[in-house]
Amino acid sequence: MLQAVGPSKSPAVESTATETGIGDTADLAVEVSGVTKDYGSHAVLKGIRLQVKAGEKVTIVGPNGAGKTTLLKILATISRPLAGTARVAGFDITREAVEVRRRIGVISHQPYLYDDLTVEENVKFYGKMYDVPDLEERVRLLAGKLGLLHRLHDQVGTLSRGLQQRVSIARAAVHDPPVMLLDEPDTGLDQQAAGMLRAVIEGVDGGRRTVIMTTHNLELGLSVCDRIAVLVNGRIVHTEERSSVVLEGFRELYYRLTEVQR
Amino acid sequence: MDGVKKALWIVWKDVVCELRTKETLSSMFVFALLAIVIFNFAFQLRGDERVGLIAPGVLWVAFTFAGVLGLNRSFIKEKDHGCLEGLMLCPVDRSAIYAGKALGNLAFMLLMEAIALPMFAVFFNLPVLMPSLLLVILLGTVGFAGVGTLFSAISVNTKAREVMLPILFFPVLIPIVIAAVKSTAQIFDGVSFDQSMPWINLMLAFDVIFLVVSFLSFEYVVEG
Amino acid sequence: MNRTRFLDSSRLTSALFWLSLVGIVTGLYAAFIYAPNEKTMGVVYRIFYFHVPSAWVAFLSFLVVFVGGIMYLRTRERRWDTLALSSAEIGVVFCAIALITGSIWGKPAWGTWWTWEPRLTTTLVLWLIYAAYLMLRRMIEEESQRARVAAVFGIVGFVDVPIVFMSIRWWRTVHPIVFTIDEIRIAPSMLAALLIALVAFTLFYLYLLIQRISLENVGHELEALKQRVA
């Protein structure tokens with residue numbers, strides 16, 4: 001019953017599918033079932049189950065070493081799960097990895113940028129990798145939204161950390177992905193860039209996106225999500241709709257959950 | 001064909017980066033030159049006929065060590081800001097990434113050799129602009145860059161990455177070194193080219209076998 | 001639990017232990033007493049009963065590393081990686097024994113400790129490749145990454161072996177090959193002694209392999225227990 005409806009034809013259809021209503025019949029943008037992963041004898045993920053509807057924004061919070069980054073890497077197809085399956089944008093992450101990659105944008109605490117290339121060259125290089133049509137236009141649009149227009153021809157190595165992170169946002173969004181995976185994107189972002197990140201998440205450059213974000217900053221996590229999940233010690237121990245969360249109560253719950261596991 | 005296009009974009013990216021800093025090329029070239037100078041002191045090289053005995057060895061040792069320098073940079077640069085992960089996220093076959101990186105490394109090595117070869121001709125007073133010699137250099141360098149790119153990706157994952165590359169790479173490279181040195185010596189000696197054919201064939205076989213093996217196994221090396 | 005390991009049976013282990021012990025004792029008897037002296041080299045040739053089987057075991061081990069690597073990449077089961085690692089360690093030791101015995105043999109036979117004879121040189125290159133393999137393994141922390149990368153290197157290294165051998169052989173044709181094993185006139189009793197030695201060494205290899213694998217498995221279990229306690 002919770003099976004995702006087959007792969008949608010185009011990312012655009014996918015991302016607007018649930019604009020009106022979110023119900024059981026809605027497309028699932030991300031569907032994780034029974035995913036486990038270990039590094040040798042150390043189990044990192046112990047059976048993750050997670051369903052994210054198209055257009056929904058989910059924040060995953062948890063202490064360091066809980067497995068947040070590993071989970072996102074598996075969804076991003078750059079790490080293999082030991083067991084279990086996951087589908088992203090309707091495609092299986094192991095058997096249809098290339099199709100998944102086309103439809104996701106990833107921002108991590110590393111910018112994935114080449115110091116010796118200019119801002120424009122970096123974004124264009126990734127655009128070429130994703131076969132982005134009208135790349136020129138797309139780069140200008142993103143640069144405009146992110147306040148990078150006057151720095152387009154500067155080498156990335158000469159930019160500040162905050163500016164680099166903005167370029168990284170442009171890189172991740174260059175192919176207008178319906179699903180975005182953000183791994184602690186707030187590290188190194190200045191106030192202004194955080195706002196821009198939010199804007200890109202909200203989809204001011206086009207589509208309405210499904211977002212999974214990890215963070216250990218509760219306030220930030222709550223401010224941009226529809227639903228929040230707590231990942232501790234390789235398990236999702238709690239999920240809650242944003243609308244029912246009261247910050248103080250949630251903070252207390254969070255500390256209790258993470259204490260118990262230690 | 002899509003893979004070829006993307007591989008070429010990776011080459012473009014590496015070339016633009018390199019042209020901006022010239023770090024890799026200049027260090028490779030200076031290193032090759034240094035190798036020749038050190039050999040001069042070690043073996044008292046003179047422009048007499050005896051130099052032909054060790055000239056092929058000097059040439060290939062210089063190319064080999066300078067090449068390893070360049071290969072080391074190749075993936076360390078990708079690793080610096082997580083760029084390799086960024087590449088892995090792209091909807092591209094891993095083999096296309098391998099092809100792009102290998103082509104870039106091949107181009108840098110050939111460029112270094114193109115600059116070092118005339119210096120070599122001057123120091124050793126040997127004719128180097130012979131098609132047969134250029135063919136040998138090309139075949140040797142293709143094998144070198146082909147396996148070297150795979151091993152560069154392997155060693156960048158290790159704790160002592162700069163040290164690991166030659167330790168892993170040189171034993172496997174021995175057939176290429178033998179074949180290249182032998183055929184280069186035959187060419188300098190003015191032996192007819194037919195005599196070098198077994199070596200040419202050996203290098204061809206090495207190149208083909210290891211390009212295929214590297215092409216197929218690269219994805220396992222870079223998988224996260 | 002069964003799927004994570006190979007040959008982990010104590011009955012098999014003790015059977016192999018006794019078999020290889022009997023084999024080695026018989027082999028020693030055959031090598032030093034049963035087999036006659038060789039016509040030209042006299043008694044020194046007897047090191048051949050240790051040199052050849054060591055080289056054989058080394059080669060067999062590296063074949064196992066190759067197969068283990070391929071199977072690991074196909075199945076991603078840890079046991080294949082453990083098999084490859086265990087075999088590589090044993091192989092490097094026997095490869096070293098083959099090199100040392102070859103060198104000791106070379107002194108009276110050729111009047112020199114070392115000659116760049118193709119077989120001996122290939123053995124040296126083999127040793128270098130698999131020593132590098134073991135170093136590589138120590139340089140990677142993360143277990144699955146280590147297994148993957150080592151598998152690839154084990155495959156590349158093994159594919160290289162015949163090419164190395166060919167290139168060195170051609171390289172040596174410039175100089176006369178001083179000596180080959182085929183030149184020993186092998187009497188039937190010598191052949192019998194060699195076969196016994198080969199069987200004994202192979203059994204001993206299997207015994208060591210099983211021991212090394214179970215040692216690795218115990219270490220792994222210990223790690224898992226530590227994780228659980230911590």
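The area buried between chain B and chain A is about 2,700 Å² in this predicted model. Carbon and sulfur atoms give 62% of that area. The contact draws on 29 residues from chain B and 27 residues from chain A. Three residues of chain B stand out in the burial: His81(B), Leu89(B) and Pro91(B) supply 26% of the area that chain B buries against chain A. A salt bridge joins the side chains of Asp116(A) and Lys77(B), at 3.7 Å from N to O.

Chain A also meets chain C. Here 5 residues of chain A are in contact with 7 residues of chain C. The buried area is about 540 Å². Carbon and sulfur atoms give 51% of the area between chain A and chain C. The salt-bridge count between these two chains is 0.

Over all chains, the structure holds 33 salt bridges. One pair lies within chain A: Asp131(A) forms a salt bridge with Arg102(A), and the closest N and O atoms are 3.7 Å apart. Asp131(A) sits in the loop between α4 and α5 (135-145) of chain A, and Arg102(A) belongs to helix α3 (residues 97-102) of chain A, so the pair ties together parts that are 29 residues apart in sequence.

Within chain B, one helix pair was examined. The axes of helix α5 (residues 94-124) of chain B and helix α8 (residues 197-222) of chain B come within 8 Å. The two axes cross at roughly 115°. The crossing of α5(B) past α8(B) is right-handed. From α5(B), the contact is made by Arg94(B), Ser95(B), Ile97(B), Tyr98(B) and Ala99(B). From α8(B), Leu211(B), Ser214(B), Phe215(B), Phe218(B), Glu219(B) and Val222(B) take part. The residues of this contact divide into 7 nonpolar, 2 polar and 2 charged.

Chain B has a mean pLDDT of 91, and 97% of its residues reach 70 or more. In chain B, confidence is lowest in helix α2 (residues 23-43), at a mean of 89. Helix α6 (residues 131-155) of chain B has the highest, at 95.

For chain C, the mean pLDDT is 86, and 89% of the residues reach 70 or more. Helix α1 (residues 10-34) of chain C has the lowest confidence, at a mean of 86. The highest in chain C is helix α2 (residues 48-75), at 94. Over residues 174-179 of chain C, pLDDT stays under 50. For that stretch the model has 10 contacts beyond four places in sequence.

Chain A averages a pLDDT of 82, and 85% of the residues score at least 70. Among the elements of chain A, helix α1 (residues 11-16) has the lowest mean pLDDT, at 38. Helix α4 (residues 119-129) of chain A has the highest, at 95.

Methods:
Residues are numbered from 1 along each chain as its sequence is written. Chains are lettered from A and ligands numbered from 1 in the order in which they are written. This is a predicted model: local features need pLDDT of at least 70, side-chain atom pairs count only at pLDDT 80 or more; totals for chains, interfaces and linings use all residues. Side-chain values use heavy atoms; hydrogens and water are left out. Axes are lines fitted to C-alpha atoms, for helices over the stretch in contact, and angles run from 0 to 180 degrees between N-to-C directions. Helices (H or I, at least four residues) and strands (E, at least two) are DSSP runs, numbered from the N terminus. A crossing is left-handed if the near helix is turned anticlockwise from the far one by less than a right angle, and right-handed if clockwise. Contact means heavy atoms within 4.5 Å. Ala, Val, Leu, Ile, Met, Phe, Trp, Tyr, Cys and Pro count as nonpolar, Asp, Glu, Lys and Arg as charged, and the others, Gly among them, as polar. pLDDT is the predictor's confidence in each residue, from 0 to 100. Buried area is the accessible area (1.4 Å probe) that two parts lose on being put together, summed over both. A salt bridge is a side-chain nitrogen of Lys or Arg within 4 Å of a carboxyl oxygen of Asp or Glu.
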